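Me: Please take a close look at a single part of this model, the open sheet and what surrounds it. A connected account with its criteria stated would be appreciated.

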Amino acid sequence: MSTQELGLDAIYDLAKKVMLANGCDVANAEALADIISRAERDGSHSHGLFRVPGYVKALRSGKVDGKAKPTIKHITPAVIQVDGHGCFAPLAQSVGLPVLVEATHQIGIGALSLVGVHHFAALWPETEYLADRGLVGIACTAYMPAVAPAGSKEALFGTNPLSFAWPRPDHDPVVYDMATASMAMGDVQIAARDGREVPLGTGLDENGQLTTDPAAIAKGVLLPFGGYKGSAIALMVELLAAGMTGEQFSFEARETDNKDGGPPRGGEMIIGLSPTVVAGVGWQDHVEGFMQKMTAIDGVRMPGARRHKNRLNKGPRQINAALIETINSFL
Ligand code: NDP
Ligand code: PYC
C-alpha cells in the first residue's frame with residue numbers, strides 16, 4: 001500500500017476545505033474536520049479520512065444538510081434532546097454535550113438523545129468528553145442492516161457501536177468503543193482494499209458460507225461478536241439508539257436511505273453518570289485500587305490505551321495515497 005505523510009494540522013485543513021467545498025457552513029465543516037483529524041491522530045483509521053468520500057456523497061446527494069443548525073430541547077432537567085435537522089452527528093454533539101455535562105453534574109444522571117443526525121464516526125469522542133469532565137459516559141448508535149442476529153444469516157442489526165468511558169483523575173480515562181459486529185464495516189472495507197484476509201467467523205458470503213474474504217463479507221453479512229451475547233448487545237443498541245430516541249431502527253434507515261454511500265439518518269443515545277453524586281466521596285481511591293490491580297496483571301492493558309499512546313505522537317501520519325487523491329478530487 002502506497003502512503004503519503006500528512007501532518008495533523010494538514011489533515012484538519014484538508015477535511016475542512018473539502019467539507020466547505022461541498023456545501024458545509026463553517027460550523028459543520030469544523031465539527032467534521034475536528035472529528036476526522038482526532039481519529040487520524042489516535043489511529044482510528046476506519047473513521048477518519050477514510051470516511052470523507054461517504055461524507056461528500058451524502059452532501060452532494062442532498063441527504064445531509066451541511067448548513068443545518070441543531071436545536072436543543074430540555075424534555076426534563078435530566079433529559080435533553082438535540083435535533084440535528086439533518087446534519088452530521090458531530091455538530092449536534094457539540095451543541096448537546098456541554099448541556100448534558102451540566103445536567104449530569106447537578107442531577108447525577110443525564111440522557112442526551114440526538115435525532116435527525118447522520119453518524120459516520122467513532123463514538124469515543126463523545127464518551128471521552130464526559131470522562132474528561134469527571135463523568136461516566138455511555139453512547140451508542142444504530143446504522144443500516146449489516147449484521148445477522150445470532151441464529152440467522154439475514155442482516156437486521158447495524159454494526160451498532162457501543163462506547164463507555166470512566167474518568168480517572170491523574171490518568172487517561174478508560175474508554176472502550178466497539179462495534180457489536182465481529183468487526184466494524186469500515187475495517188472490513190479497509191481489509192478488502194489492502195488485500196488482507198479477516199478471521200474466520202467475521203461474516204458470511206452472499207451464499208451464507210463462512211469466509212475470510214472481506215470483499216465477500218461486504219456483499220454478504222457480518223456476524224455479531226461473541227455469538228448470542230454480542231447479538232443481545234446489538235439488540236440493546238437498536239433499542240436505545242432508535243426505540244429510546246424515536247429515530248429509525250437500522251432496518252427503517254435502509255428503507256428511507258437514498259443509498260448514496262453516506263451515513264443514513266438516525267439517532268444516538270448518550271448517557272452521563274456522576275460517580276461523585278452516585279457513589280459519593282472517595283470513589284476515586286476505591287476505583288483506582290481496582291484499576292491498579294487490573295493493570296498489574298501481566299498482559300492486561302486498558303481499553304483506550306492504544307489510542308492515548310498514539311495521541312502523544314504529534315508527528316505526521318501515514319495516509320493511504322489513493323485516498324488522499326480521491327479526497328483532493330472533491331475540491
Ligand atoms: P476494536 O475492536 O478495534 O476495539 C474495540 C475496543 O477494544 C477499543 O476500545 C480498543 O481500545 C479495545 N481493545 C482492543 N484490543 C484490546 C486489548 N488487547 N486489551 C484491551 N482493550 C482492547 O474496535 P471496532 O473495530 O469494533 O470499532 C472500531 C470503531 O468503529 C469504533 O470507534 C466504533 O465507534 C466505530 N464504529 C462506528 C459506527 C457508526 O455507526 N458510527 C459503526 C461501527 C463502528 P484501543 O482503541 O485502545 O485499541
Ligand atoms: O464501520 O461499521 C462501520 C460503520 C458504520 C457506520 C459508520 N461506521
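Reply:

Strand S5 (residues 136–141) and strand S11 (residues 265–273) run antiparallel and are joined by six bridges; strands are DSSP runs (E, at least two residues), as helices are (H or I, at least four), numbered from the N terminus. Within this pairing, cysteine 140 stands opposite methionine 269 of S11. The model is predicted: local features need pLDDT of at least 70 and side-chain atom pairs pLDDT 80 or more, while totals for chains, interfaces and linings use all residues. Residues are numbered from 1 along each chain as written, chains are lettered from A and ligands numbered from 1 in the order written, and side-chain values use heavy atoms, without hydrogens and water.

Both strands belong to an open sheet of seven strands with mixed pairing, ordered S2-S3-S4-S11-S5-S6-S7, where two strands pair if DSSP finds at least two bridges between them. Strand S2 (71–76) and strand S7 (174–178) are at the edges with a single partner strand each, so one side of each has no neighbour in the sheet. On average, neighbouring strands are turned by 15° against each other, direction ignored.

Helix H5 (residues 124–131) lies across S5, S6 (162–166), S7 and S11, at about 20° to S6. Contact here means heavy atoms within 4.5 Å; axes are lines fitted to C-alpha atoms, for helices over the stretch in contact, and angles run from 0 to 180 degrees between N-to-C directions.

Turning to ligand 2, the residues around this molecule include His47, Arg51, Phe120 and Tyr143, each with a heavy atom within 4 Å.
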